[in-house]
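Subject: Structure handover and findings

Hello,

Here is the structure you asked to see. Please open it first, then read the notes below.

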Amino acid sequence: MLSTRKAAAVWLFLAFERVLTTQTPLSSHAPLFFYTGVENDFGQWDLDEAPAVNATGHLVFETANSLLQHWPNTRYRIGHTIVPGTIPVGTPLYHGSLAGPHLPTALDWVSVEPDHSIGFCHGSIESGCWHLTLKVTRPMKVLYFDGSSAAKIPEGTMDTQDLVAWSKMKPEWVGNEEQRIMDLCKWGEKYGVNGFVRFIDGNEFVQTHTEVMICDFTSHTEVASFLNLENTRLIPGAPTDPPEDLNTVHYYYELMHSTSRREMYPGETRIMLDFSGLVSIYDTALVPSLVPRRVGLERWDHRVEGISSEDIGRVQDRLAQALTRPPVTTSGIDWKTVLRAVVDRYASRLEMMQYLANMTLDDRSMFGHAQQVQRRLRTVLLPYTVFAALPPNTPVTANATNSWAAPVFRECATSHKASIAAHGTTLMPSEHLLLQAVRETTREICRVVTKMWASGMMTGVDPLYPPEQRPEVDHIRTLMGEWREDVTQLMSWLDWSVWVKCRPACGFEEMCYLPTWPFGFHGDEPPLQAQWDSASLWPDPNKGEWKRPQPKCIRRLEPYGF
């Protein structure tokens, strides 16, 4: 193995030297790495150093990457992010009238989807109903609350709205929507905010769309049409008592299906978020009081309730700064794309590695299978495998830490943030938070992948460095077990919703569904009491898949069912 490795190293050196002599350099300065006097502290790139238990960078990363996407915000209902945004000129908004041909002038709700608003178009069969289409005439400043922020349940879905409107949590007001919109609009008036964007609204059987709470209909919109439509003939029903009318059930199922267009990236594109003004409850410098409250809890159980009054003040101050600063002060970095680039690069590759590492193998196929995994690890790291990082000519036991691979780890971990970090002081506080989230997330991905690759190199399964003698099956089996554990723990830590899908994929007559409010949840009218019993169609929402939603296939055609 060693002679082969040396020969390969010589060949690579000669080829590299030839390339250098034929290319025109972009700069007259050699890279710092080639200067021996430059400090390269690889001590901080320890492949065995996992993130701190209370680290939240990966949570900031995934929540920011999931904004305005229905799937991840259904999975984790309790929002932790507040973001300023804009509804662009020309965007249509829809409103189903509950009270005849009367235009709303002040506080009311609109939808970005006519399929959603038509469910609120009420009227008699004889007179029909009235459906309003508005168009935005000038950019409308809005504030977006992530999570299932219109799900009227007392388990925390409205915590961030309570924080903004009332400076404290008011679970007893969870169903008081009129007071909520009045107080939010009163708060937003001084900042020029004319709307509040929420995901999931429903006091019928099911609505799973994006809604906007409008403060003043006359300031940013004008009427595009106000049509007297045929009565929808939809039969209202309680969330726990779905109607038997097939027309109504069909409408609600198709409404769920239409939501799938916005389930994943890029999500709802008709609302433009300003990531440079993002405020995250997972920002431990901004909200330190919740750090001890999250200890030992799964993400499903994270709440904003319990935040200190001092932290509430800091959150509100940060929001005020984001809503009042001039636009020219931002860096111009497209954070949505920056975050997505990381997911695009690693998500499917990690998923494939996990699949391969979990396959059941016999002794004869073990070596070839390990080489297959090693090839994929090498592919991920190829842009960062610097020439100096070659395995040492020493026994495996003498290099248990694989410290020789530290340069690869470093280059991989810093690649996504290097160009952004150069902006330095031009970054807003929210952007520094996002940069740190990218740094922490990519560091852990690169640490684990580099560790796996280096272990494969030293065990002798790398096809480019074949050993003089094939490794023993027991050693390969041990390696595969370590790989399985490493990639599983990494994916669990990242917890990207892109991996949450129906397996196997749903058939043509089906759709993939995450259990969501209002199915199975208690009503939003006082007293807040559960509507289910042992004979209920729906399970207890505080247990099982309703507490921790898991995807499953449901029918798009009758007979409908869950």
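Which residues point one way from β6, and which the other way? Gly-195, Val-197 and Phe-199 take one side, Phe-196 and Arg-198 the other. All of them are buried. Here buried means under 20% relative accessible area, exposed over 50%, and partly exposed in between, with a 1.4 Å probe and protein chains only. In a regular strand the side chains alternate between the two faces of the sheet.

Two notes on the source. This is a predicted model, in which local features need pLDDT of at least 70 and side-chain atom pairs count only at pLDDT 80 or more, while totals for chains, interfaces and linings use all residues. Residues are numbered from 1 along each chain as its sequence is written, and side-chain values use heavy atoms, with hydrogens and water left out.

Helices (H or I, at least four residues) and strands (E, at least two) are DSSP runs, numbered from the N terminus. Two strands pair if DSSP finds at least two bridges between them. β6 pairs with β5 (residues 140–145) in the parallel sense, over 3 bridges. It runs antiparallel to β7 (residues 210–214), with 5 bridges.

**Cores**

A nonpolar core is a set of buried Ala, Val, Leu, Ile, Met, Phe, Trp, Tyr and Cys residues joined through side-chain atoms within 4.5 Å. The largest one has 84 residues. Phe-275, Trp-335, Tyr-346, Leu-350, Trp-453, Trp-483 and Trp-496 touch the most other members. Helix α14 gives the most to this core, 14 residues. A second, separate core has 29 residues, among them Phe-196, Val-287, Leu-319 and Leu-323. In soluble globular proteins, nonpolar side chains tend to be buried together.

Take Leu-350 as an example. Contact means heavy atoms within 4.5 Å. Leaving aside neighbours within four places in sequence, Leu-350 is in contact with Val-449, Val-487, Leu-490, Met-491, Leu-494 and Trp-499.

**Helix α9**

Helix α9 (residues 309–324) has 16 residues. Its first and last C-alpha atoms are 23 Å apart, close to the 22 Å expected at 1.5 Å a residue. That expected span is 1.5 Å times one less than the number of residues. The buried residues of α9 include Asp-311, Gln-316 and Arg-318, along with Leu-319 and Leu-323. Among the elements that cover the buried residues are β1, β5 and α14.

**His-80**

Is His-80 buried or exposed? His-80 is buried, at 2% relative accessibility. It sits in the loop between α3 (70–75) and β1 (81–87). Beyond its neighbours within four places in sequence, the contacts of His-80 include Asp-146, Thr-160, Tyr-282, His-302 and Arg-303.

**Disulfides**

How many disulfides does a search of the whole structure find? There are 5, where a disulfide is a pair of cysteine sulfur atoms within 2.5 Å. With bonded cysteines counted along the chain, the pattern is 1-2, 3-4, 5-6, 7-9, 8-10. Three of them follow.

- Cys-412 and Cys-446: the sulfur atoms are 2.0 Å apart. The link is left-handed, with -65 degrees about the S-S bond. It joins distant parts of the chain, helix α12 (residues 406–414) and helix α14 (residues 429–459), 34 residues apart. Cys-412 is buried at 1%, and Cys-446 is buried at 0%.
- Cys-502 and Cys-512: S to S is 2.0 Å. The torsion is about 95 degrees, so this disulfide is right-handed. Cys-502 lies in the loop between α15 (473–494) and β11 (510–513) and Cys-512 in β11, so the pair ties together parts 10 residues apart in sequence. Cys-502 is buried at 11%, whereas Cys-512 is partly exposed at 24%.
- Cys-506 and Cys-553: S to S is 2.1 Å. The torsion is about -95 degrees, so this disulfide is left-handed. Cys-506 lies in the loop between α15 and β11 and Cys-553 in β12 (residues 552–555), so the pair ties together parts 47 residues apart in sequence. Cys-506 is partly exposed at 23%, and Cys-553 is partly exposed at 29%.

Best wishes
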